[in-house]
Amino acid sequence: MDAVSAFLKSKYFWYSFAILTVFVYFFGLTIPLLGPDEPRYAQVAREMYDRSDWVTTTLGGFNWFEKPALLYWLQIVSYNIFGVNEFSARFGSALFGLGTIASLWLLGEKFFSPNKDVEVANGFGNYLALIAASTLGIIVFSRGASFDIILTFPITAACVSYLLFDHISLNTDRRARGWLFAFYFFIGVALLAKGLVGIVFPFAILSFFHVSSLRLPKKDFYIGLFWGLPVAAIVAGLWYLPMYLTNGWQFIDEFFIQHHFQRYTSNKYLHPQPFHFFFWVLPLMTIPWLPFFFAGIWSGARQLLMGGDDIDLRYQNVAYSPLLLYSASWLLVPLVFFSFSGSKLPGYILPSVPPAVIIAGVFIYKWIGEFAWRDLFVKSLAVATFLVIVSLLIFTVPKFAERDSVRSLIAAADTRGYSELKIVGLHTISHNAEFYASGRQLRNSDGKLKKLFGVSELKSAIEQTGDDQILVLVPVEWLHELKNQTIFPHEVIASNGEVIIAIVRDYLR
């Protein structure tokens, strides 16, 4: 036990934890793609990859302009390196999760460096990285082939860069211009990640921060607008310009009008939630640091409103009010913005998790103080969280993923010699099959997946294939409808407990 305690106190713990973090973030990325979004995004990237097209996004051969290209680019690069598979589809997300952690580590290491007179914050960046790496929201979304972590990393990098610019510029340090350049560069990356929020959030956050702190940005910031905004535009223009030149008004209408403004102002895309939805989702994303997050909010609010600090001078600077005030502004902007949205999904609030980590991290660092047992507790909790995650990925998540995915069903049909047959859903739509049965699903004239509402529609579906047989995906609870009809001979091939796949024939054709 003494040896374990000695290791946790040594610098080798941090090296080992960094290696463990990388391992955990890339472990288990091979499970089946989950939900409707992961397989669709992976398939969009596959179609671009197959066409060697880095510009136009399509799904099932139809234009699909919901999201920008950054995730797809990451997936295409991974497909070229690792092949077209689940690991490749998620590889970029894991990298961006690690990038988010690294950004917070950099903040913790650099924020206090100008204060040469006070030896404080020794290792504060390590603790911020430890907390971020073991925070549930960052772990979960870094494992998904989705846009949430793809946006969160550049937003985090931009916000960290601006805070370091603002803080260093107070000390007239020439390095401040480098941080300001990074701020605009990552705004450009964020625009490539998920559209207009990539520029709205950073400027709203810094505006809220300066209004709350009752001071204007430094002169260099206003000068930087003249070269910084072009930097962001050049980065974002790598995709937006050729996309517009290739697809014209259709791109503007679908991407900006429908998937930006209509998605925000209406429930057109069927994700309604109450106004307070994110006010309970965000705290849950800070598990296992939830109590420290709430304690950090309480402690930070008292400090910001009442002033002063009741801790030892060595740790007082860690609670330096601009850091807490900036973190509060950073947390509130996405929280308030998305709370008014007509469409709400849990991942939308992920950009608020990094500032929540900072708020919790400030409190944890002060709470540890000179108490060795508290230090051991925090480090042990982070490691224990990783062990729980890995255990779930080994024993629990794959079973759930198999039931949620049709990967095994498509594979079973393919081994029976049906790998060229078209597929249709009866009383269901399987977006999961868009990746696992690439190009084989029947679609309507508008490009949406075809859904049969009864066995009477099987004949027209088979005729649409030009063949005399078709693979049908049917929810288990509707299998009786297929069995009770006598018109089309059929055979159940496989079941995952939720959906079955069957071969249906029309010998009269």
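Me: What joins strand β3 to strand β5, and how do the two run?

Reply: In this predicted model, strand β3 (residues 423–426) and strand β5 (residues 469–475) run parallel and are joined by 3 bridges. Pairing requires at least two bridges, so the 3 bridges between β3 and β5 make them a pair. Within β5, Leu473 is the bridge partner of Gly425.

Me: How do you know that β3 pairs with β4?

Reply: There are 2 bridges between β3 and β4, which run parallel. The requirement is at least two bridges, so β3 and β4 count as paired. Gly425 stands opposite Lys451 in β4.

Me: What is the order of the strands in the open sheet?

Reply: The sheet has 5 strands in the order β4-β3-β5-β7-β6, with mixed pairing.

Me: Why are β4 and β6 said to stand at the edges?

Reply: Strands β4 (451–452) and β6 (490–495) each have a single partner strand, so one side of each lacks a neighbour in the sheet.

Me: Which strands does helix α21 lie across?

Reply: Helix α21 (residues 458–465) lies across β4, β5 and β7 (499–505), and runs at about 135 degrees to β5.

Me: What makes both faces of β3 covered?

Reply: Ile423 and Gly425 on one side are buried, as are Val424 and Leu426 on the other. In a regular strand, side chains alternate between the two faces of the sheet.

Me: Why is helix α6 described as largely enclosed?

Reply: Of the 10 residues of α6 (residues 124–133), 9 are buried, so the rest of the structure largely encloses this helix. Among the buried residues are Phe124, Tyr127 and Leu130. Their cover includes α2 (11–26), α5 (86–110) and α17 (372–395).

Me: Why is Phe279 called partly exposed?

Reply: Phe279, in helix α12 (residues 277–285), has a relative accessible area of 42%. Buried means under 20% and exposed means over 50%, so a value of 42% places Phe279 in between, as partly exposed.

Me: Which residues form a nonpolar patch on the surface?

Reply: Phe208, Phe275, Phe279, Leu332, Val336 and Phe340 form this patch, with about 550 Å² of accessible area together.

Methods: Residues are numbered from 1 along each chain as its sequence is written. This is a predicted model: local features need pLDDT of at least 70, side-chain atom pairs count only at pLDDT 80 or more; totals for chains, interfaces and linings use all residues. Side-chain values use heavy atoms; hydrogens and water are left out. Patches are made of residues with over 30% relative accessible area and no salt bridge: like charges are joined within 9 Å, nonpolar side chains (Val, Leu, Ile, Met, Phe, Trp, Tyr) within 5 Å. Accessible areas come from the Shrake-Rupley method with a 1.4 Å probe; for residues, only the protein chains shown count as cover. A salt bridge is a side-chain nitrogen of Lys or Arg within 4 Å of a carboxyl oxygen of Asp or Glu. Helices (H or I, at least four residues) and strands (E, at least two) are DSSP runs, numbered from the N terminus. Buried means under 20% relative accessible area, exposed over 50%, partly exposed in between (1.4 Å probe, protein chains only). Contact means heavy atoms within 4.5 Å. Axes are lines fitted to C-alpha atoms, for helices over the stretch in contact, and angles run from 0 to 180 degrees between N-to-C directions.
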